[in-house]
Amino acid sequence: MNSPDTRTKTHGDLALIRRMVGEARPYWGRIFLLFTVGLLNAPLALLIPIPLKIAVDNIIGGQPLEGIYLAVIPAMWHDDNGLIIFVAILVVAIALTSQLLSVGQSFLRSFISERLMLDFRAKVLDQIFPALNRSVGSVIREIEEERLILVIVDHLNGPIGQIVR
C-alpha cells in the first residue's frame, strides 16, 4: 500500500499547506473577495449573447419583444431605433463591467500576493537579525509599502487616472 516515504511526504505536504493557510489568515477577507469577483465573471459571460439575440430576432427579424424583455426594456425603447440604442448600451455595459471585474481581480491577486511575500520576507529577516531594536522586517515592510503607494500614484497619473478624472 503506502510506503513510509509516501506517508512522510504526505504528512510534510499537509503541514506545509496548514502553515501556508495560517500565513494567509490576515488576508482571508481579501481572498474571499477575490474568489467572489472571479465567480461574478461567469454569469456576466452568459449575458454576452443576449444583445445579439435581441438584434437578430427583434430588430432584423421584426419579431415583437416577448417574455422578460418586455419587463426589462423600457417601453419607449420597444421600436427598432430604441432597440438599437438599447443593444448598443447593453454591449458596452457588459464589456465595461467584464473589464472592470478583470482589473479588480488582477489588482486583488497582485495585492494579496505582494502582501504575503512582504510578510514572509519580514519574518525571515526578523529571524536572521533578531538582535536589532527595530526589526529589519518592519523597515523592509515600510519601504515596500512606500513603493506600492508610488506605483498606485503612478497609475493614477497615467491613463487610468485620466479615465477616473
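1. Gln-105 counts as buried, since its relative accessibility is 17% and buried means under 20%. This residue belongs to helix α5, which covers residues 80–128. Leaving aside residues up to four places away in sequence, Gln-105 touches Leu-34, Val-37, Gly-38 and Asn-41. The structure discussed here is a predicted model, and the points below should be read with that in mind.

2. On confidence, the mean pLDDT of the protein is 79, and 72% of its residues reach 70 or more. Helix α2 has the highest mean pLDDT among the elements, at 92, whereas helix α7 (residues 159–164) has the lowest, at 50. Where pLDDT is low, the predicted coordinates should not be read in detail.

3. On overall architecture, the secondary structure comprises 7 helices and 0 strands. Followed along the sequence, the pattern is therefore α-α-α-α-α-α-α. Of the 165 residues of the protein, 21% count as buried. The accessible surface amounts to about 12,400 Å², and carbon and sulfur atoms account for 68% of this surface. Among contacts between residues at least 6 apart in sequence, 55% join residues at least 24 apart.

4. How many aromatic pairs does the protein contain? The count comes to 1 aromatic pair. The ring centres of Phe-107 and Phe-111 are 6.2 Å apart and their planes stand at 25 degrees, so the pair is stacked. As to cover, Phe-107 is partly exposed, because its relative accessible area is 46%, whereas Phe-111 counts as buried at 16% relative accessibility.

5. The C-alpha atoms of Gly-82 and Ile-59 are separated by 9.8 Å, and the two residues are 23 apart along the chain.

6. Helix α3 spans residues 49–60 and includes Pro-49. Is Pro-49 buried or partly exposed? Pro-49 counts as partly exposed, because its relative accessibility is 49%. In sequence, Pro-49 and Val-91 are 42 residues apart; in space, they are 9.3 Å apart, C-alpha to C-alpha.

7. A search of the whole structure finds 1 salt bridge, formed where the side chains of Asp-57 and Lys-53 meet at 3.0 Å, N to O. In general, side chains of opposite charge can pair when their charged atoms come close. Asp-57 and Lys-53 both lie in helix α3, 4 residues apart, about one turn of the helix. Both partners are partly exposed: Asp-57 has a relative accessibility of 24%, and Lys-53 has one of 35%.

8. Helix α2 contains Ala-42. With a relative accessible area of 48%, Ala-42 is partly exposed. Between Ala-42 and Ser-98 the C-alpha separation is 9.7 Å, while the two residues are 56 apart along the chain.

9. A nonpolar patch is present on the surface. Which residues form this nonpolar patch? They are Leu-14, Ile-17, Val-21, Trp-28 and Ile-31, which together have about 430 Å² of accessible area. Helices α1 (4–23) and α2 (28–46) are the elements that give two or more residues to the patch. The largest share, 3 residues, comes from α1. Leu-14, one of the patch residues, lies in helix α1 and counts as partly exposed, because its relative accessibility is 44%.

Key: Residues numbered from 1 in each chain as written. Predicted model: local features only at pLDDT ≥ 70, side-chain atom pairs only at ≥ 80, totals over all residues. Heavy atoms only, no water. Patch = residues over 30% accessible without salt bridge, like charges linked within 9 Å, V, L, I, M, F, W, Y side chains within 5 Å. Areas by Shrake-Rupley, 256 points an atom, 1.4 Å probe, with all protein chains shown as cover. Salt bridge = Lys/Arg side-chain N within 4 Å of Asp/Glu carboxyl O. Buried < 20%, exposed > 50% of the residue type's maximum accessible area, 1.4 Å probe, protein only. Contact = heavy atoms within 4.5 Å. pLDDT = per-residue confidence, 0-100. Phe/Tyr/Trp six-rings, centres within 6.5 Å; stacked < 30°, edge-to-face > 60°.
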